[in-house]
Each structure stands twice: as structure tokens, then as C-alpha cells.
Amino acid sequence: MELVIKDLNKSFNDKHVLKGINLTINSGQIFGYLGRNGAGKTTSMRILMDVFKADSGSITMDGKEFKTTDYRIGYLPEERGMYGKFKVKDQLVYFAELRGASKKEAQHSMKKWAEEFGIDIYLDQKLETLSKGNQQKVQIAQAFICEPDILILDEPFSGLDPVNSKIFQDSLLNYISEDRIIIFSSHQMGYIESFCDDIAIINDGQIVLDGDLNTIRKEMGEGKLRLRFADQHHQDFLAGYDYTIEKEDVILTLPPNETKKSFVEGLFSQGIELTMFMDYLPSLQEIFIEKTGDKNVKA
């Protein structure tokens with residue numbers, strides 16, 4: 001499946017929230033959607049779910065107009081939205097039926113995903129009696145109920161310990177092996193780097209960067225090296241270069257007239273030894289800050 005969002009605009013009163021959003025999201029992979037609070041990320045996802053209507057623009061699936069009634073959509077919001085005083089099993093069945101499942105289908109799906117996330121022992125308990133982590137697992141289970149075609153996850157790892165995070169990661173990877181779309185949003189950049197092939201960063205209502213994450217990292221690290229020196233006798237040599245220190249490493253930008261080969265030859269000619277020499281690949285957090293930092297926020 002290929003979901004295409006084209007020229008999406010949305011305003012609330014006099015505030016222009018989305019300013020011509022364009023995204024292409026393919027099934028079979030996890031798409032990372034990133035943005036600062038208030039950037040327009042949640043608004044665009046709510047338009048996709050038909051909670052809000054766009055002012056202009058289009059959404060298509062495989063070239064045809066996208067209609068939410070043609071697909072099952074699972075949604076995990078950042079803020080918990082389930083009912084604390086009701087039993088876990090009753091709520092999971094309820095959400096399954098909301099998505100069009102029969103009573104029998106809802107019961108089957110409830111049991112399947114409760115077992116998947118290890119909450120089957122809590123099915124007869126009220127949600128408010130569970131720990132924060134187990135409440136989050138119930139929230140996650142409701143997103144997977146009825147095997148949605150499109151799964152939208154906003155900060156899904158919130159409250160999960162490392163063991164439960166691993167269970168969830170395995171479930172995600174198994175789920176995406178089917179022809180499904182997963183849109184994953186988190187401020188925990190390590191998870192995005194682990195899961196996502198394609199990403200998009202939204203800032204002030206506009207997409208400021210999108211594409212294959214590995215390609216983006218290579219392009220943004222072009223001309224930079226990560227170095228680690230055997231000792232501290234390199235300061236004089238680096239005096240003419242643009243560089244920064246990152247713990248034990250030096251991140252150095254080569255000038256346009258110098259190659260990696262000539263740089264290394266210059267080091268060796270002065271008896272300076274390296275213990276690490278590699279192309280610099282910026283982290284997703286560095287990329288995110290560069291694209292959404294305060295200098296990029298328009299007045």
C-alpha cells in the first residue's frame with residue numbers, strides 16, 4: 001500500500017497549523033514522524049483519521065481517494081484515553097466492536113493481543129488497579145485490536161520497562177512484515193533510529209526534512225570525520241581545522257581542498273596515531289535539533 005498526503009492545509013481560526021504538508025508512506029516498513037510540540041504532527045494524523053477535516057489538499061491510497069471506512073485504523077495516543085474504572089477485557093472488546101468487529105471477532109482479538117502483550121492475567125481487573133507499565137500495555141493492545149491496516153503510535157514506549165519494550169519491539173517487527181502501514185512518533189530518538197527506514201520532520205506546520213534515514217545521515221555528515229587519537233599530542237595539528245569535541249572523539253570538517261587521504265598522510269607524517277577514523281554520521285537527535293531548533297522557528 002502507498003499512502004500519499006498532498007498539499008494538506010489546516011487552520012484553526014486565524015492560526016495556520018498545516019502549511020502544504022506532503023508525505024508518502026509505504027506499507028511494509030515503519031515510518032517515523034517527528035516534530036516538536038505544536039508543530040502540527042497530531043493535527044495531520046487526526047486529519048488522516050477523519051477526526052478533523054482539512055481545509056485543502058488530498059489523501060490517497062494506491063492512487064484512489066482515501067476513505068477511513070475502507071480501512072481499519074489503530075491509534076495509540078500519547079495521553080491515555082481508556083476508562084480506569086472498567087475491566088480490561090470489557091474495554092478491549094468495546095474498542096474492537098467500535099472498529100466493526102462482531103462480538104465473536106472482538107472476543108478472539110481481545111484474547112490474542114492480551115496474550116501477545118502479557119496482560120491476559122489482568123483481563124478481569126479494572127484498569128486503574130494496574131501499574132503504569134501494564135496500563136500502557138493495555139493501551140497498546142487496544143491499538144492492535146482487529147489487526148488494523150494502518151497503525152498510528154504516539155510515544156508507545158512511555159512507561160515500559162526494558163523487558164516490555166523488547167516484547168513490544170518484537171510485536172511491531174512481526175506486524176509490519178504484513179502489508180500494513182505503521183506511523184511511529186516519539187521523542188525517544190533511539191527507537192526511531194532502531195525501527196524506521198523513512199522519516200519526516202515537521203516544524204512550524206511544514207515538512208522540513210523527509211526521506212530514507214540512512215541516506216539523510218550520510219548526506220548531512222558529508223565532508224565530516226569522526227576521529228579518536230591515541231594520545232593528546234594532536235592539538236597543534238588541528239589548530240587550522242573546524243572541529244568539535246564529543247567525549248573522546250573529534251568531529252572534524254575537512255576543508256574543500258583536502259581529501260581524507262591527504263589528511264591522514266599529514267597526521268602520519270607528524271607521528272600522530274589514530275585509534276579510530278571513520279565518516280561522521282550525525283545522530284537523529286542532532287538532525288532533529290538542527291532542523292527544528294529555535295533558529296528555525298518562524299515568528
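## A tour of strands and helices

Start with α2 and α3: α2 passes α3 in a right-handed crossing. Right-handed here means that the near helix is turned clockwise from the far one by less than a right angle, and left-handed means anticlockwise. The model is predicted, so local features need pLDDT of at least 70 and side-chain atom pairs pLDDT 80 or more, while totals for chains, interfaces and linings use all residues. Residues are numbered from 1 along each chain as its sequence is written, and side-chain values use heavy atoms, without hydrogens and water.

**Stop 1: the helix pair.** Select residues 88-98 for α2 and 103-116 for α3. Helices are DSSP runs of H or I with at least four residues, strands are E runs of at least two, and both are numbered from the N terminus. The two helices pack at about 125 degrees, with axes 8 Å apart. That makes α2 oblique to α3. Axes are lines fitted to C-alpha atoms, for helices over the stretch in contact, and angles run from 0 to 180 degrees between N-to-C directions. Under 35 degrees is roughly parallel, over 145 roughly antiparallel, 65 to 115 roughly perpendicular, and the rest oblique.

Now show side chains. Lys89, Leu92, Val93, Ala96 and Glu97 of α2 meet Lys103, Ala106, Gln107 and Met110 of α3. Contact means heavy atoms within 4.5 Å.

**Stop 2: strand β9.** Select residues 196-203. Seven of the eight residues in β9 are buried (under 20% relative accessible area; exposed is over 50%, partly exposed in between; 1.4 Å probe, protein chains only). Strands pair if DSSP finds at least two bridges between them. Look for Tyr33 opposite Ala200 in β9.

Ile201 has Leu209 in β10 as its bridge partner. Zoom in on the hairpin of β9 and β10, with two residues between the strands: Asp204 takes a positive phi near 50 degrees there.

**Stop 3: the open sheet.** Four strands line up as β12-β13-β11-β14, with antiparallel pairing. The edges are β12 (242-246) and β14 (274-279), each pairing on one side only. Five bridges link β12 to β13, residues 249-253. Find Tyr243, which stands opposite Leu252 in β13. Finally, select α9, residues 260-269: this helix packs on the sheet and touches β11 (224-229), β13 and β14. The direction of α9 makes about 170 degrees with that of β14.
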